[in-house]
Amino acid sequence: MYKVLIAEDELLTRAGIVSTVNWEELGMKLVAQASDGEQALRLYRVHHPEIVITDLNMPRLSGVDLIAKISEERLPCKILVITCVDDVQTIKKLFPYRIFDFLMKSSISAQELQQKLLAARKELDEQGLVPEQEE
């Protein structure tokens with residue numbers, strides 16, 4: 001199963017993501033949740049998830065900075081940004097990094113989120129990455 005980390009400071013949004021997705025059915029395991037960017041980075045370094053779902057505006061370390069630090073690690077990782085930011089300058093800051101895709105919080109649906117996660121899994125599979133086996 002591919003490991004997933006969710007970094008989102010809004011509790012209701014984070015809980016919605018967690019409960020909306022049938023992780024096991026997608027071949028994924030939710031290994032960690034973070035309410036700020038610093039916590040997310042610590043958890044990323046512990047669990048080495050293959051998929052990170054992150055907000056951009058978070059306390060202590062922004063999503064942009066989190067993405068930059070994850071990219072420095074050079075581990076296989078698909079980053080899915082979920083944000084309400086429509087600031088073009090902020091989004092331009094993401095161009096140098098390995099962003100898999102992004103979704104706007106205001107219009108995201110459970111079906112769309114699942115489709116993005118399936119697409120991320122497909123790319124990881126095509127890269128020949130072997131997901132962690134359940135014990």
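How many helices and strands does the secondary structure of the protein come to? The protein has 5 helices and 5 strands, taken as DSSP runs (helices H or I, at least four residues; strands E, at least two) numbered from the N terminus. The elements run β-α-β-α-β-α-β-α-β-α from the N terminus on.

This is a predicted model, in which local features need pLDDT of at least 70, side-chain atom pairs count only at pLDDT 80 or more, and totals for chains, interfaces and linings use all residues. Residues are numbered from 1 along each chain as its sequence is written, and side-chain values use heavy atoms, with hydrogens and water left out.

| Property | Value |
|---|---|
| Box filled by the C-alpha atoms, along the principal axes | roughly 40 × 30 × 25 Å |
| Share of the 135 residues that count as buried | 41% |

Buried means under 20% relative accessible area with a 1.4 Å probe, protein chains only.

The largest nonpolar core has 19 residues; such a core is a set of buried Ala, Val, Leu, Ile, Met, Phe, Trp, Tyr and Cys residues joined through side-chain atoms within 4.5 Å. Val-52, Leu-66, Ile-70 and Ile-79 have the most contacts inside this core. At least two of its residues come from each of β1 (2-7), β2 (28-34), α2 (37-47), α3 (63-73) and β4 (78-83). The largest share, 4 residues, is that of α3.

Beyond its neighbours within four places in sequence, Leu-66 is in contact (heavy atoms within 4.5 Å) with residues including Ala-7, Ala-40 and Met-58. A second, separate core has 18 residues, among them Val-21, Met-28, Leu-117 and Leu-124.

Conventions
Buried means under 20% relative accessible area, exposed over 50%, partly exposed in between (1.4 Å probe, protein chains only).
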